[in-house]
Amino acid sequence: MPIIDIWSIEEVGKGGTVYRSTIINTSKETMCFSDFPIPKDYPPYMHNTGVIQYFESYAKKFNLYQHIQYNTYVHQVKPASDYEQTGRWDVITSQADSSSDEKVTTTFDAVMVCSGHHWDYRMPSFDGMDTFQGKQIHSYHYKDYHGFENKRVVVVGIGNSAVDIACELSHHCSQVYLSTRRGAWVYSRMGSGGTPIDMQFNRFLNCIPKSYVKGALEGEVNKRFNHEKYGLAATHDIFAGHPTISDELPVRIICGSIKAKANIARLHEHDIEFVDGTIEKDIDAIVYCTGYKFGFSFLDSSILEVKDNKCDLYKYVFPPHLKHPTLAMVGFIQPLGAIMPVSEMQARWITRVFNKKASLPSESEMMADIEKKQQHMASVYVDSPRHTIQIDFVEFMDEIANLIGCKPNFLSMIFTDPKLAWKCIFGPCTPPQFRLRGPHAWDGAKKAIEDAVSNIDNATRTRRIEKKPEPKRNTTVRLLFLAFAIYTTYAIYKRGGNVRAGLSDIGDSLTSTFNRCKGFVVQSTEM
């Protein structure tokens with residue numbers, strides 16, 4: 001029986017929440033499971049059917065099907081009668097496809113909640129929604145453009161679903177309007193040279209303080225198209241909101257098929273008024289791409305309480321106040337990167353805690369960590385329900401890897417395998433890096449890291465082209481680059497393998513050198 005998840009195209013309420021044209025926004029090399037690379041002939045950015053095929057091949061490889069019970073509705077998860085002594089849980093279920101109301105209680109030693117946060121959709125509240133005569137749906141219910149042909153449609157939102165749906169509809173509707181409150185920074189899937197953009201963000205860049213690169217990155221994103229001229233300029237800086245990925249949006253705007261609009265003020269029977277005073281008449285339909293609420297209807301609030309998409313979870317996994325660490329959440333995060341390897345990393349840590357191979361700190365220590373993360377989030381991101389579970393991919397993966405004992409040892413690697421260290425630090429941060437050492441290390445991890453870039457090339461280079469002789473490389477440039485690499489390695493070594501601290505020392509040293517040279521030039525000029 002196939003796996004059904006959010007990547008499946010199913011009837012609403014019976015499976016996936018994607019639309020037929022959905023293409024994933026993270027490249028295959030950064031979204032794979034750490035010990036099961038996606039085949040090299042798969043495209044760098046996969047259609048939703050390709051994602052499902054990959055998940056199914058993973059399930060077959062590791063014989064997971066025999067452990068899956070399908071068509072099961074979970075009514076409640078509650079502490080078992082002997083929870084105080086054992087930490088066990090009662091799970092009350094029924095058959096989802098049965099006409100019977102019979103419920104079954106099964107007791108488990110531990111429970112992982114992996115229901116995700118894209119199933120309980122959030123509808124906005126605008127004046128006049130009850131009087132508008134056109135069609136109103138949430139993106140959760142959108143499957144394809146059928147039924148919208150030759151219509152005038154407003155899409156509300158500026159996230160990935162909103163721009164995908166707006167772009168698709170713009171090929172079939174008479175006019176599409178994209179309504180946004182704050183605007184957004186819109187990235188292309190492709191970075192320099194056509195390489196997937198998420199493969200160009202690496203550990204080295206991640207160590208540079210964001211304040212140093214914010215302006216440069218905003219300039220680079222605006223270089224593709226001027227966000228202000230296209231009506232998409234964000235009211236926040238580039239790191240204060242979750243990025244929006246779209247290659248087509250600026251093209252559809254410049255063609256006139258999509259027109260950016262301000263937030264909705266109110267709806268009339270057939271018209272929509274926006275907060276800037278403009279009115280669009282004869283609107284046939286509205287698609288609300290306004291996100292999701294997350295919560296746990298099967299858990300009592302005494303176990304875990306969610307308010308405004310916020311809850312207290314240690315490392316976004318464990319409720320800190322429970323007597324036994326036998327209840328854990330997986331995937332309740334919004335990473336700046338792929339969620340699949342992050343969820344896998346969480347699951348690896350959880351199983352070690354369940355098996356008592358790892359332990360949790362005290363409740364007060366866990367709460368301190370939770371509060372620190374919440375304060376950081378509030379200081380960086382726009383205040384919205386979308387930005388309550390944001391994480392940085394590399395930092396969070398390293399954080400959980402430290403708890404497992406599988407974080408790469410770069411200090412050792414620099415001396416034992418400098419080429420691999422170079423790929424790990426200056427190349428894409430691919431999940432197999434976390435199988436090089438520690439529990440459940442994988443023999444194929446090194447090759448998977450080395451093959452990451454060529455796997456992208458293999459999938460796109462489907463036409464053979466005779467290679468031209470490559471020009472000789474500038475030896476001076478290569479030597480300077482090598483000298484810088486050695487200097488960087490030494491700085492990191494002096495800091496005990498701490499990459500961020502080593503780079504900070506280099507920055508201080510370069511600044512000091514620059515100031516001394518500047519002073520020398522000034523003195524020479526005055527003489």
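User: Which residues form one aromatic cluster with Phe33?

Analyst: This is a predicted model. The structure holds 24 aromatic pairs. Ring centres within 6.5 Å count as a pair. One cluster takes in Phe33 together with Phe36, Tyr54, Phe55, Tyr58 and Phe62.

User: Over which ring does the charged end of Arg189 sit?

Analyst: A charge sits over a ring if CZ of Arg is within 6 Å of the ring centre and within 35 degrees of the ring normal. For Arg189, the distance to the centre is 5.8 Å. The ring belongs to Tyr45.

User: How far is the charged end of Lys210 from the centre of the ring of Phe239?

Analyst: For Lys, the atom that counts is NZ, and the limit is 6 Å. The charged end of Lys210 sits over the ring of Phe239. The distance from the ring centre is 5.7 Å.

User: Which element gives the largest share of the largest nonpolar core?

Analyst: The largest nonpolar core has 47 residues. Phe296, Leu299, Leu327 and Met329 have the most contacts inside it. Strands E2, E4 and E17 and helices H8, H9 and H10 each give two or more residues to this core. The largest share, 7 residues, comes from H10.

User: How many residues are in the other core, which lies apart from this one?

Analyst: Among the members of that other core are Ile158, Ala184, Val186 and Leu249. Its size is 27 residues.

User: Beyond four places in sequence, which residues is Met329 in contact with?

Analyst: Met329 is one of the residues with the most contacts inside the largest core. Neighbours within four places in sequence are left aside here. The contacts are Val113, Phe296, Leu299, Leu304, Leu313, Tyr316, Val317, Pro319, Gln346 and Ile350.

User: Against which strand do the buried residues of H6 pack?

Analyst: Helix H6 covers residues 210–224 and reaches 21 Å from its first C-alpha to its last, close to the 21 Å expected. Its buried residues are Leu217, Glu218 and Val221. They pack against strand E9 (186–187).

User: Why is one side of E12 and of E14 left without a neighbour in the sheet?

Analyst: The sheet is open, with 3 strands in the order E12-E13-E14 and antiparallel pairing. E12 (264–267) and E14 (279–280) stand at the edges, so one side of each has no neighbour in the sheet. The reason is that each has a single partner strand.

User: What is the bridge partner of Glu273 in E14?

Analyst: E13 covers residues 272–274. E13 and E14 run antiparallel and are joined by 2 bridges. The partner of Glu273 in E14 is Ile279.

Methods. Residues are numbered from 1 along each chain as its sequence is written. This is a predicted model: local features need pLDDT of at least 70, side-chain atom pairs count only at pLDDT 80 or more; totals for chains, interfaces and linings use all residues. Side-chain values use heavy atoms; hydrogens and water are left out. Two strands pair if DSSP finds at least two bridges between them. Helices (H or I, at least four residues) and strands (E, at least two) are DSSP runs, numbered from the N terminus. Rings of Phe, Tyr and Trp (its six-membered ring) pair if their centres lie within 6.5 Å; planes under 30 degrees apart count as stacked, over 60 as edge-to-face and the rest as tilted. A nonpolar core is a set of buried Ala, Val, Leu, Ile, Met, Phe, Trp, Tyr and Cys residues joined through side-chain atoms within 4.5 Å. Buried means under 20% relative accessible area, exposed over 50%, partly exposed in between (1.4 Å probe, protein chains only). Contact means heavy atoms within 4.5 Å. The expected span of a helix is 1.5 Å times one less than its number of residues.
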